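Take a look at the model below.

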Amino acid sequence: MPLDKEAVARIARLARLKVPDEELAPLAGELSGILAWIEQLNEVDTANVEPLSSVSDVTLPMRADKVTDGGIAAKILANAPGGAVYIDPSDRNAGGFFTVPKVVE
Amino acid sequence: MAALTDLGIAKLVAALSRKETSAVEVADAHLGKLDEHRALNAFITETPDRARAMAQASDTRRARGEAGLLEGVPLAIKDLFCTEGVQTTAGSHILEGFVPPYESTVTANLWRAGAVMVGKTNLDEFAMGSSNMTSYFGGVENPWKRRGDNRKLVPGGSSGGSAAVVAAYMVPGSTGTDTGGSIRQPASFCGIVGLKPTYGRCSRWGVVAFASSLDQPGPLTRSVEDAALLLQGMAGHDPKDSTSAPLPVPDFAAAARTPDVRGLRVGVPKEYRVEGTATEIVALWDKGIDMMKAAGAVIVEVSLPHTKYALPAYYIVAPAECSSNLARYDGVRFGLRVPGKDLIDMYQNTRGAGFGKEVRRRVMIGTYVLSAGYYDAYYKKAQQVRTLIARDFKQAFEKCDVLLTPTAPSAAFAAGDKMDDPVTMYLNDMFTIPASMAGLPGISVPAGLDTDGLPLGLQLIGRAFDEETMLRAAAALEQAAAFTARPPGY
């Protein structure tokens, strides 16, 4: 089923991607082309076939639910794009915050 | 003695252990090549100071008698592996300037084995591409050119920089990652060896995620033995990656030093004879079959009936996983931030400006196939087809021990070609994707030159966690093919 401009705009919104209006039509063409090519999978009879989500045979391992690190707030905040705010500037590992635009008026 | 930059990993290790040279000398020789061939644009970040410091530390360790498996060997690292204190971009604007506060498990293993990092190599953005043309930092040039034709060719992708630096003798080995062919296809395009291990053999921890059920780190080198050595240094169980296999690391190098295929059953899948493959590649494949036969292998025709569906199934599974993995790039905790009037607007602006065209396309395909009402028709269907693909291989491996196929349907193409239609570019990986979907190991071995003088590779696919048999067969193929060509001028 080909996608139209409106469908592409909807998908872009779901994916949190800003797509300029003039790019919507060409994108609709490209994505429809890819999807049409993918449709050939309908030729395959998959009735009663289990979906494969992982190729590893191993059961996912369990581990003890305990803290294994900590005290590294400075490392975690080191790449904060808006700049970080630290609870105690003299001890950056004491904790801090990422910053975002104002959410609540 | 030959030039240090010509030696390759095994011979470098031998020369270093005989004290014929030092790690510092080896590092300097290779850093000189980085200067010489900077125009290839193969590196995003060069780390000469770190390389010299690591080489000095390596010499000190060796003097103390504490030499590791790869002691003093200079390596290039695909810029998808997080390296503590060194910018890691994934080839994307959205991660430009990101300096990881931690080290990936694979690179940590390599440094523990004594290896020396010279820099971070260029790649398709988030490893999504087969040409290296989607990198935000510009395409990489393949050191190979068509005879009598000066046009720049692509090195393949996504590990294009990692393949080019090995082919250009700037380093003896590099790390890559392979999701659908990203190690094997560039190895074929650049005339070198590229190995994708079994899914779970190398830890994915600290590797920027693309499609988590497919991504697998692996080595690129100029010989099968070197690939085995480097893999040995990279592999191993890692509790930090829940899909990492809790298995000991075999002596891969020993397997690669045993090019004995007498009685080995080599399967040739008939479905890989597809239209659109260059006739020279089909001829080379037939030659490879003859070589294996002459070396004592038993050739068996096998059938992998769902081969043609691997590619479209992959282009549902991989984008679906990428759309989920790339949700983390929101401009809040790391990477680029483009301001907006509110939080949602900031997310959209950041991701719209930070991701390139191909990444945006795949994120959107992934979002669509996972969205309500379409999940069963696309995503579940693709996972079911994946079961059938894995089953095909399982049945084939009842009749044979390894599979022999071409690596890619063409030789390296010119920069800018195949860019008009995404599906044309996707077809590059038609021979590598099926093994990826089944999680199996694969290796590309350079096997000849086409009439334009460009290298072509053949692929061997092994059973899960049986890289050793695959390496033995690859070493035999390497010996028979006797590929010694170098890109002119390198």
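In which sense do strand 5 (residues 193–196) of chain B and strand 6 of chain B pair? They pair in the antiparallel sense, over two bridges. Keep in mind that this is a predicted model.

**Strand 6 and its partners**

Strand 6 of chain B covers residues 216–221. One of its pairings is with strand 5 of chain B. There, Val193(B) stands opposite Thr221(B). Strand 6 of chain B also pairs with strand 4 (residues 173–178) of chain B. That pairing is antiparallel too and has six bridges. Within it, Gly176(B) has Gly218(B) as its bridge partner.

| Strands of chain B | Sense | Bridges |
|---|---|---|
| Strand 4 and strand 6 | antiparallel | six |
| Strand 5 and strand 6 | antiparallel | two |
| Strand 7 and strand 8 | parallel | five |

Is strand 6 of chain B mostly covered or mostly open? It is mostly covered, with six of its six residues buried. In a regular strand, side chains alternate between the two faces of the sheet. Here both faces are covered. On one side, Gln216(B), Gly218(B) and Leu220(B) are buried. On the other, Pro217(B), Pro219(B) and Thr221(B) are buried.

Strand 7 (residues 265–269) and strand 8 (residues 298–302) of chain B run parallel. Pro269(B) stands opposite Val302(B) in strand 8 of chain B.

**Helix 10**

Helix 10 of chain B runs over residues 307–325. It has 19 residues, so at 1.5 Å a residue it should span 27 Å. Its end C-alpha atoms are 27 Å apart, which agrees. The helix still bends, by about 30 degrees, at Ala313(B). Helix 10 of chain B is mostly covered, as 16 of its 19 residues are buried.

**Where chain B touches chain A**

How many residues of chain B are in contact with chain A? The count is 56, and they touch 39 residues of chain A. Elements that give two or more residues to this side of chain B include helix 10, helix 11 (343–354) and helix 12 (357–370) of chain B. Helix 13 of chain B gives the most, with 10 residues. By class, this side of chain B has 28 nonpolar, 18 polar and 10 charged residues.

Key
Residues numbered from 1 in each chain as written. Chains lettered and ligands numbered in written order. Predicted model: local features only at pLDDT ≥ 70, side-chain atom pairs only at ≥ 80, totals over all residues. Buried ≥ 20, exposed ≤ 12 C-beta atoms within 10 Å, placed from the backbone. Helix = DSSP H or I, 4+ residues; strand = E, 2+ residues; numbered from the N terminus. Pairing = 2+ DSSP bridges. Expected span 1.5 Å × (residues − 1). Bend = angle between axes of the 7 residues up to and from the residue. Contact = placed C-beta atoms within 7 Å. Nonpolar A, V, L, I, M, F, W, Y, C, P; charged D, E, K, R; others polar.
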